[in-house]
Amino acid sequence: MLKIKSFVFSPIQENTYILYNEHKDCIIIDPGCYFPAEKDELAAFITQSGLTPRMLLNTHCHLDHVFGNKFVTDTYGLALQLHEKELALLKYAPASGLMYDMPFDNYQGEYIFLKEGDRITLGDDELQVIEAPGHSPGHICFYCAAQNFMISGDVLFNRSIGRTDLPGGSHQTLLKNIREKLFVLPDKTVVYSGHGLETTIGDEKEYNPFLV
Ligand SMILES: [Zn+2]
Ligand SMILES: [Zn+2]
């Protein structure tokens, strides 16, 4: 069984997630911790819960989702796992940070590339990789079928969808992927987004103004 801990980090109010199991192993997804106090908060939760970080995943590589990649790698020695089509965004992220007046040091380590259908296992638990570009070129979501939840990044939000005006974005592609890749999941699937409150697939099918 995976438990989910969320944090809201940086002035961009990004949701960072830690998934952890009964063996106290954990996966860190989209560490958006920017300020030293935020990095301390992430590390303190891991230490106080007695967790061992095993994987570092990015849903996509806009700056707000990658601020803390380097910190996580420096602290826990993990290689970054992401979709190959996000590499250009990752490399551009520090320049983007300067534009937002949020300079930061980028991740410099090795990459492990993920693609549609890959299974990420932590002990007995499993996440499926779902490719859902549109907000960004190589955006992936992590779906846990056994526990009916997904980490959706910036694809689908509570009553909203990801913006598509950034480089590599496509509104039509995003809508198509939400309909064909996310809305086919069970209605009770809980959606943990990159920003804002959690929701469910069923609620978004019924109430999301971009998709009804
Ligand atoms: Zn984004
Ligand atoms: Zn974001």
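Two strands count as paired if DSSP finds at least two bridges between them. This is a predicted model, and the pairings below are read from it.

**Strand 3 and its neighbours**

In the hairpin of strand 2 and strand 3, 4 residues lie between the strands, and K24 takes a positive phi near 65 degrees. Strand 2 covers residues 14–20 and pairs with strand 3 in the antiparallel sense. Within that pairing, Y20 has C26 of strand 3 as its bridge partner. Strand 3 also pairs with strand 4, this time in parallel. There, I27 stands opposite M55 of strand 4. Strands of a sheet pair through backbone hydrogen bonds, either parallel or antiparallel.

The pairings that have bridge counts are set out here.

| Pair | Sense | Bridges |
|---|---|---|
| Strand 2 and strand 3 | antiparallel | 4 bridges |
| Strand 3 and strand 4 | parallel | 5 bridges |
| Strand 13 and strand 14 | antiparallel | 2 bridges |

Strand 3, helix 1 (residues 36–48) and strand 4 together make a right-handed β-α-β unit.

How many residues of strand 3 are buried? The count is 5 of the 5, so strand 3 is largely enclosed by the rest of the structure. In a regular strand the side chains alternate between the two faces of the sheet. Strand 3 has both faces covered: D25, I27 and I29 are buried on one side, C26 and I28 on the other.

Another set of strands, 6 in number, forms an open sheet in the order 7-8-9-10-13-14, with mixed pairing. Its edges are strand 7 (119–122) and strand 14 (199–200), each pairing on one side only. V190 stands opposite T200 in strand 14. Helix 5 (residues 171–182) lies across strand 8, strand 9 and strand 10, and runs at about 145 degrees to strand 8.

**The zinc site**

The zinc ion (ligand 1) has four protein donors: H60 (NE2), H62 (ND1), H135 (NE2) and D154 (OD), lying 2.1 to 2.4 Å from it. The donor residues follow the spacing H-x1-H-x72-H-x18-D. Why is the arrangement irregular? The 4 donor atoms subtend angles of 86 to 172 degrees, whereas a tetrahedral site needs all angles between 85 and 135 degrees.

D154 coordinates both the zinc ion (ligand 1) and the zinc ion (ligand 2), which are 3.4 Å apart. H135 sits in the loop between strand 8 and strand 9, and D154 in the loop between strand 10 and strand 11, so the pair ties together parts 19 residues apart in sequence. H135 is buried, at 3% relative accessible area. D154 also counts as buried, with 3% relative accessibility, because the cut-off for buried is under 20%.

Note on methods
Residues numbered from 1 in each chain as written. Chains lettered and ligands numbered in written order. Predicted model: local features only at pLDDT ≥ 70, side-chain atom pairs only at ≥ 80, totals over all residues. Heavy atoms only, no water. Contact = heavy atoms within 4.5 Å. Axes fitted to C-alpha atoms, helices over the stretch in contact; angles between N-to-C directions. Donors = N, O, S within 2.8 Å, 3.2 Å for Na, K, Ca; no water. Tetrahedral: all angles 85-135°; square planar, octahedral: opposite > 155°, others 65-115°. Buried < 20%, exposed > 50% of the residue type's maximum accessible area, 1.4 Å probe, protein only. Right-handed = clockwise from strand over helix to strand, strands pointing away.
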